[in-house]
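The sequence and structure come first.

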Amino acid sequence: MKIDVRTPDGNPVSWQDATHPIGAALRIVPRFTVDAEDDQTGLGNTLDVEYDQAEGRYVIRQATVRSLTGAEVTGTELRQVRLAEVVQAASPHCVTFTLGDEGDGAITAAEVAASEGRLLPKWLADSLVATSESRNLPEPARSEAREARLDAVQLVYGVAALTGQPPAKAIERELNVAPRTAAHWIHLARNAGRLEGLGYAAGRPPRG
């Protein structure tokens, strides 16, 4: 699937467009347009997507469907439209995060990803898990490691929740931890104010 993510005025989305704060460190693009072309279905979609404060995630406000080949778009073709997947692919381009010191600047979640299907570089995930399991670190290093882990949980939870994916499952996958550990880290991040403005309703049926 090929996507093109732009601001409502038609400019390519960049980290400077992420003006809405989420939690302690995330900033998101509050509204964007994504144009997607799916060679498998032969359909193109243009979506107007907006962050919904009440839902705590991105929602689709308007959608149009077109044939990439010029063929008629019938009900059969419309049943193949995968709007949720388009939002999931576009949203990481609209979520910014700071890794390291504040002076390092913001980057998008899409830029953080080391490979397709990941939200965190594997080296970073492995490092965070290894540090969390260490019992021999001095307190300053342990405190720094805790903050880095909260940053990682916020990023993964945020991107997952904003796109309607199960955040706990994303954390289990990205950080390679057990469900109980993921739940505990989410609890710590929520108590630290890192997950404010994010919501995910367990069992919500997929849309699109």
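In what order do the four strands of the open sheet lie? In this predicted model, the order is β1-β4-β5-β6, and the strands pair in the antiparallel sense. β1 (2–6) and β6 (57–67) are the edge strands; each has a single partner strand, so one side of each has no neighbour in the sheet. From one strand to the next, the twist averages 20°.

**Packing on the sheet**
- Helix α2 (residues 83–90) packs on the sheet and touches β1, β4, β5 and β6.
- The direction of helix α2 makes about 65° with that of β5.
- Eight of the ten residues of β5 are buried, so β5 is largely enclosed by the rest of the structure; buried here means under 20% relative accessible area.

**β4 and β5**
- Strand β4 (residues 31–38) runs antiparallel to strand β5 (residues 43–52), and eight bridges join the two.
- Thr33 stands opposite Asp48 in β5, and Glu37 has Gly44 of β5 as its bridge partner.
- The two strands form a hairpin with four residues between them.
- In the turn of this hairpin, Gly42 has a positive phi of about 75°.

**β5 and β6**
- Ten bridges link β5 to β6, again with antiparallel pairing.
- Asp48, which stands opposite Thr33, also stands opposite Gln62 in β6.
- The hairpin of β5 and β6 has four residues between the strands, and Gly56 takes a positive phi near 70° in this hairpin.

Definitions and conventions. Residues numbered from 1 in each chain as written. Predicted model: local features only at pLDDT ≥ 70, side-chain atom pairs only at ≥ 80, totals over all residues. Heavy atoms only, no water. Pairing = 2+ DSSP bridges. Axes fitted to C-alpha atoms, helices over the stretch in contact; angles between N-to-C directions. Contact = heavy atoms within 4.5 Å. Buried < 20%, exposed > 50% of the residue type's maximum accessible area, 1.4 Å probe, protein only.
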